[in-house]
Amino acid sequence: MNVKVMILSVLLALIMTTPVSAEPNKNIYVYKDENGNLVFSDTPRKGAEKVTLNKPVMNMPSTDTSIFNEPTNDLEKVKFSISISSPAQEETIRDNTGSVHVSGMIKPRFLQGHQVQLFLDGKAYEEPQKSLLFVMRDVDRGEHNIVLKLLDSEGKVLASSDPVVFFLHRRTMITGP
C-alpha cells in the first residue's frame, strides 16, 4: 500500500469517527473562496459573513406508525364489494362462436390470496382465478345469468356481485338437405 493511500485511509477513518452535531441554532457563515465560489460553513473565517435565516430550520413532524404494530387479521372487518362491469344488465351480445367477455371490479382493492369465481346460470364456470377478466367460450344462445364471487385464500366467500342477465345471439347453422 503506498503512503498516499494510507494517509487518505487514516484521514477518512478520522472524519467518519468524528461526531457530528445537529444543533438547529448553530451559526452559518458564507464567504467566497479564491475561485470566486460561494462557500457555506459553520466555522467562522476571516471575511466570512454570518447568515441570518428568516425562518427556523424545518423539522419533520414524527409520523404515527402504531397501525403497523396492530395484528393484520382485521381483514374480516373490511367490507368488500364485487360488481360486474361488462356485460351490462340485459345486454345483447352477438357472437357466432359463443364467446362472452366478462369483467368485474372489487372495492376497496384486490388483495394477495384473493380469487374470483365466475358463475354462469348458477354453476361455477371453470376454476377460481386471480383476475377480474373472464372469457367464456361456446356459450349457448339465449338468456343467461352471471355472478362473480370474491373468495379469500381459504375459499370463503367475501362478497358476491348482483346477478347480471345477458342475451347471446348466435346464428343457427342449418345442415343437411
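Predicted model: local features only at pLDDT ≥ 70, side-chain atom pairs only at ≥ 80, totals over all residues.
**Overall architecture**

Among the contacts with a separation of 6 or more, 54% are accounted for by residues 24 or more positions apart.

**The nonpolar core and its surroundings**

The largest nonpolar core has 23 residues, of which M136 and I146 touch the most other members. Two or more residues are given to this core by each of strand 4 (81–86), strand 6 (100–107), strand 7 (115–120), strand 9 (133–136), strand 10 (142–151) and strand 12. When residues up to four places away in sequence are not counted, I146 touches I84, P87, V102, L118, F119, L120, M136, D162, P163, V164 and F166.

S161 is placed in the loop between strand 11 (157–160) and strand 12 (164–169). Is S161 buried or exposed? S161 counts as buried because its relative accessibility is 6%, which falls under the 20% limit for that class. Apart from neighbours within four places in sequence, the contacts of S161 are with I82, S83, I84, V147 and L148. I84 is therefore listed among the contacts of S161 and also among those of I146, under the contact criterion of heavy atoms within 4.5 Å.

**Surface features**

On the surface, I28, L38 and F40 form a nonpolar patch whose accessible area is about 310 Å² together. F40 belongs to strand 2 (residues 38–41) and is exposed, with a relative accessible area of 55%.

Side chains of opposite charge can pair when their charged atoms come close. The count of salt bridges comes to one, and the side chains that meet in a salt bridge are those of D138 and R170, at 3.3 Å from N to O. This pair links distant parts of the chain, since D138 is in the loop between strand 9 and strand 10 whereas R170 is in the segment after strand 12, 32 residues apart. The distance of 3.3 Å meets the criterion because a salt bridge calls for a side-chain nitrogen of Lys or Arg within 4 Å of a carboxyl oxygen of Asp or Glu.

**Backbone details**

| Site | Backbone feature | Value |
|---|---|---|
| S86 to P87 | cis peptide bond | omega near 5 degrees |
| K107 and P108 | cis peptide bond | omega about 5 degrees |
| D121 | positive phi, not a glycine | phi near 55 degrees |
| D138 | positive phi, not a glycine | phi about 55 degrees |

These sites can also be placed along the chain. P87, which I146 touches, is found in the loop between strand 4 and strand 5 (91–94), and P108 lies in the loop between strand 6 and strand 7. D121 is in the loop between strand 7 and strand 8 (123–129) and counts as partly exposed at 39% relative accessibility. D138, in the loop between strand 9 and strand 10, counts as exposed at 54% relative accessibility, and D138 takes part in the salt bridge with R170.

Notes: Residues numbered from 1 in each chain as written. Heavy atoms only, no water. Patch = residues over 30% accessible without salt bridge, like charges linked within 9 Å, V, L, I, M, F, W, Y side chains within 5 Å. Areas by Shrake-Rupley, 256 points an atom, 1.4 Å probe, with all protein chains shown as cover. Helix = DSSP H or I, 4+ residues; strand = E, 2+ residues; numbered from the N terminus. Buried < 20%, exposed > 50% of the residue type's maximum accessible area, 1.4 Å probe, protein only. Core = buried A, V, L, I, M, F, W, Y, C linked by side-chain atoms within 4.5 Å.
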